[in-house]
Structures are given as structure tokens and as C-alpha cells.
Amino acid sequence: MVPASVHPEQPDLNWENDQVRADFRTTLKFWSDRGVDGFRVDVAHALAKDLTEPLRDLGAPELSSEAALVDFAPGSHPFYDRDEVHEIYRDWRKILDAYSPPRMAVAEAWVPGARRALYARPDELGQAFNFEYLEAPWDAAELRAVIEGSLADAATAGASATWVLSNHDVVRHASRLMLPPGTDTDAWLLSGGRAPAVDEAAGLRRARAATLLMLALPGSAYVYQGEELGLPEVADLPTEVLQDPIWEQTGHVRKGRDGCRVPLPWTATGPSYGFGPGRRGCRSRPPSPGTPSRPRTARRARPWSCTAGPCGCAASSSPTRPSPGRTARRRASCSSPARTTGAASPTCRAGWSICRPARSC
């Protein structure tokens, strides 16, 4: 759900208005009554704003963005991460906890780690995406520092830690982790992924190692669609097929996020790699070298399955298809190691399952 505006073309909501709050309570109850197990709250740090007269003159335009949070005292920026936002989520938690089992929620909040953990407190949303881990360079000391800091922040807030490597807003980590430190990813995408070139085989090995580390950490691991196939970024999309408005909004300076959002492959060959019959403007990506070439529909029938929850990947007896009256969600499922990469333990691959309630670790 998107409770706040992220573009000037979108009208923003006034969260000081009781009708707005009441409408969102109705929305939470509507979907919870129908069996959904949780909510991802987009731009969770941008609901409350200080628009009291006279409006503050922030000076430079860049100080109006969330990147300027480091230049303000915690909770004092007029538009982002204000302390008042937590009252809203405490109200939501009362609704979510009224169900059995309680509904989960996760915040997308691009704020410093200690502030982000506040959104994950037990009496608020319960979880928040850990972007420090996503942004950490491929360096053992840096990763250790981020992991220890994230666990400490979560413990201080009484929350569980979360881990994420890729999402719909960033270059996929199979490509990103192979770029030299300091690479301008916008410039790299404009070059079609050729300056510098990325070794995809090495990127797959590094991405697999990063994902295995993530799945071994305490807390919740979030797997982005296609990550289980080792998909790299599709950096060479021609500009005429771009859909992300960033391309036009920036005057063709940034290609945007389409490279991590292309349709997923369902077969190793064929139009759109099995995603559909193939049409102009619809482009998929073949599975990375070393991944099974069998269609996803065949892989769903394997005897191992698991549900990605707060404690990671837990095996269950058999994969399940969505049943009538239940909400199907993407989840990670396990396949036999002998049929995949030869790893010593089951590896997570994509499938469909009924989204199961979160459990505490």
C-alpha cells in the first residue's frame, strides 16, 4: 500500500485529517478480513509532515529530499521520518493484532538504521527493510559491520532484523556486486552494461554467496523475484521499450529501473523465454548459466517446498497451489540440491504457495 505521495503529480494525503486515518483503517480491515497475511507499506517514513505556517525555508532544493535526513536532527525534517508518524503505525498495529494470527507489516523506509528500527517495533509495523545491508559493498569487514549494527539496532528497538539484497528499485545484485566500487550505476545502465563490462558467471557465484549469507542470518530474509534464478540486470534494454517514467522525468539522463523489472523467464528458450507469445516491447531474460532449464511449471511439482518467514527457509512436506478464497503470494520454495547447484543444503527457488503467517524466531 502507498499511503504517501512520491511525485508532484500525485495529490498527497493529509494525515492530520481523521477521515484519512479512518479510511486506511477500513482498508486494513477489508484485506485482513479476506485472508491476506500482511502489508508492505511504501514510503512509510513520509506520512507525517510539518506544514504549519509559516512554511520553513529549507534553502537548497536538495534539502527537501530524504537524502538530507542526515543534515537534520532525528525526527525534525519537515517531510520525512517525523516522530509523529509512529502514532499512525501504533494505531494500525491494534487492528493487525486483532486477527488470529496477527497480520504482519513491513516498512519501506529509506532512513538511517537506528531510526529505521523504530518502524519495526512490536507495537508498530513489526518489520522494516534493511537497506544498509543492500547497499553494503562486497567486503568482509564492511558486511560484518553492517550485520552487527543491524542486529544491535533491531535488539534496541525490540524488533527482528531483516535482510534484503535486491528489489524493484535497484540494480540486481548479481550485476551490482561485480561493479567496481564507486561505479555510477546510472551511467553504467546508459552504456548498456558495457562500461564497465560485467562477468556474469562471476556475478552469479558472488550473488549465490551473498544470498547464502543472507539466508543464514537471524531474522527475516526477503527474496526478490528472479533472485532465486540468479538473474542479472538487463542493462541493454533499448530506450524505445523503457516503461519507467524516470527516463522521461530526467530528460533521458537516467534509464530507470526497468532492467530489474523485466518479465521472468519460465523456459530457457522461446519467445519471451516462455513468459508469453512474445510481442514488441515485452522482453524477458534467460536463466543464468548453471540454473535448471526446466520450465517453472515443472519445477513447482518437486517434492520439497518451504515458506520464507521471519526464521528463513523452513521445509514443508509438499508444495501447495493457491486454494479458492485464499490469497496467493510469491514465496521461496526449496528444491533438492542434487537437481540444482550441487550445494550441500537445499537451495531456494521460486514457486507459488499460500502465504503463511509470520512466526517468531
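Biologist: In E3, which residue is the bridge partner of Ala-105?
Modeller: This is a predicted model. E2 and strand E3 (residues 126–128) run parallel, joined by three bridges. In E3, Ala-105 is partnered by Gly-126.

Biologist: Which residue stands opposite Ala-105 on the E1 side?
Modeller: Strand E1 (residues 38–41) pairs with strand E2 (residues 104–107) in the parallel sense, over four bridges. Opposite Ala-105 in E2 stands Phe-39.

Biologist: Through which helix does the chain cross from E2 to E3?
Modeller: E2 and E3 run parallel. Their β-α-β crossover is right-handed. The connecting helix is H3.

Biologist: Which element gives the most to the lining of the largest cavity?
Modeller: The search of the whole structure finds five cavities of 30 Å³ or more. The largest has a volume of about 80 Å³. Helix H3 (113–119) and helix H5 (140–157) are the elements that give two or more residues to its lining. With three residues, the top contributor is H5.

Biologist: How many charged residues are in the lining of the largest cavity?
Modeller: The lining includes Arg-116, Asp-153, Asn-130 and Ser-150. It divides into six nonpolar residues, four polar and, as charged residues, two.

Notes. Residues numbered from 1 in each chain as written. Predicted model: local features only at pLDDT ≥ 70, side-chain atom pairs only at ≥ 80, totals over all residues. Heavy atoms only, no water. 1 Å grid on protein atoms, 1.4 Å probe; cavity = no way out; pocket = protein on both sides within 12 Å on 5 of 7 lines; lining within 4 Å. Points joined across faces, edges and corners; volume = space filled by probe spheres on them. Nonpolar A, V, L, I, M, F, W, Y, C, P; charged D, E, K, R; others polar. Pairing = 2+ DSSP bridges. Right-handed = clockwise from strand over helix to strand, strands pointing away.
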